Amino acid sequence: MATTALPLLVAIAEFDPPRFQAEYLGLMADRLARHGTMPRAHVASGHNHYSMAMHLGTADRRLADEIVAFVRETCA
């Protein structure tokens with residue numbers, strides 16, 4: 001993912017395992033080194049890897065709103 005010039009939205013959850021968090025940080029750093037900018041990022045507080053996605057379509061709209069904003073800005 002770091003090599004592509006396409007716009008990216010990268011999400012991580014507060015309670016993701018340390019390995020996932022390290023991979024997230026590595027991706028962000030690699031993207032910055034390759035392209036001079038970091039992708040759009042979302043940190044889902046109070047969630048883990050599964051609960052973040054399971055809240056799509058519920059009253060917890062944080063991730064959904066982030067996805068919608070990313071698509072609108074990318075397609076504008």
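The model is predicted, so local features need pLDDT of at least 70 and side-chain atom pairs count only at pLDDT 80 or more, while totals for chains, interfaces and linings use all residues. Residues are numbered from 1 along each chain as its sequence is written, and side-chain values use heavy atoms, with hydrogens and water left out.

**His42**
- His42 sits in strand 2 (residues 40-44); strands are DSSP runs of E, at least two residues, and helices are runs of H or I, at least four, numbered from the N terminus.
- With a relative accessible area of 9%, His42 is buried (under 20%, 1.4 Å probe, protein chains only).
- Leaving aside residues up to four places away in sequence, His42 touches Leu9, Val10, Ala11, Ile12, Arg62, Leu63 and Glu66 (heavy atoms within 4.5 Å).

**The cavity**
- There is one cavity of 30 Å³ or more, meaning a set of points on a 1 Å grid over the protein atoms alone where a 1.4 Å probe fits but cannot get out.
- The largest cavity holds about 60 Å³ of space, a volume being the space filled by probe spheres set on the points, which are joined across faces, edges and corners.
- Its lining residues (an atom within 4 Å of a point) include His42, His47, Met52 and Asp60.
- Helix 3 gives the largest share of this lining, three residues.

**The nonpolar core**
- Ala2, Leu8, Val10, Ile12, Tyr24, Leu27 and Met28 form the largest nonpolar core, a set of buried Ala, Val, Leu, Ile, Met, Phe, Trp, Tyr and Cys residues joined through side-chain atoms within 4.5 Å.
- Strand 1 (9-13) and helix 1 (18-35) are the elements that each give two or more residues to this core, and helix 1 has the largest share, three residues.

Conventions. Buried < 20%, exposed > 50% of the residue type's maximum accessible area, 1.4 Å probe, protein only. 1 Å grid on protein atoms, 1.4 Å probe; cavity = no way out; pocket = protein on both sides within 12 Å on 5 of 7 lines; lining within 4 Å.
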